[in-house]
Amino acid sequence: MPLGQRSQHMVICGDDGLAHRLAVELDAVCGEAVTVVLPSRRDQYGADIAALHRAPAFPDRTDRGPGPDERTLRAAGVERAAALALT
């Protein structure tokens, strides 16, 4: 499959530097669809991650939740996800 063609859905939970880097790398370099679950859009890297998802080149979604609980993970589509990263 050509680079940049979206093939799978990835879920990232966290608002630290690793979550930010994973979101950027998975989308820009690997072309993967990404959903990020943020505890807050203001704390740590939350605002930077949320800003990525507002950019037209980064169409994937950002959900807010207190953490990786069942309701939040289901809303993020974890059942369909090829991978889950907890940072």
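Start by selecting Arg 74 and Glu 79: their side chains meet in a salt bridge, 2.5 Å from N to O. Keep in mind that this is a predicted model.

Shared partners join Glu 70, Arg 74 and Glu 79 into one network. The structure holds two salt bridges.

Next, show helix α3, residues 70-75. Both Glu 70 and Arg 74 lie in this helix, four residues apart, or about one turn.

Arg 74 has 48%, so it counts as partly exposed. Glu 79 also has 48%, so it too counts as partly exposed.

Zoom out and colour by secondary structure. You will find three helices and four strands. From the N terminus, follow them in the order β-α-β-α-β-α-β.

Now go inside. Of the 87 residues of the chain, 40% count as buried. Select the largest nonpolar core, which has 11 residues, including Met 10, Ala 23, Val 36 and Leu 52. Which elements each supply at least two residues of this core? Select β1 (9-13), α1 (17-29), β2 (33-38) and α2 (46-54) to see them.

Then select Val 11, Val 37, Leu 73 and Ala 76. They are among the five residues of a second, separate core.

Last stop: the whole surface. The accessible area of the chain comes to about 5,100 Å², and 53% of that belongs to carbon and sulfur atoms.

Definitions and conventions
Residues are numbered from 1 along each chain as its sequence is written. This is a predicted model: local features need pLDDT of at least 70, side-chain atom pairs count only at pLDDT 80 or more; totals for chains, interfaces and linings use all residues. Side-chain values use heavy atoms; hydrogens and water are left out. A nonpolar core is a set of buried Ala, Val, Leu, Ile, Met, Phe, Trp, Tyr and Cys residues joined through side-chain atoms within 4.5 Å. Buried means under 20% relative accessible area, exposed over 50%, partly exposed in between (1.4 Å probe, protein chains only). Accessible areas come from the Shrake-Rupley method with a 1.4 Å probe; for residues, only the protein chains shown count as cover. A salt bridge is a side-chain nitrogen of Lys or Arg within 4 Å of a carboxyl oxygen of Asp or Glu.
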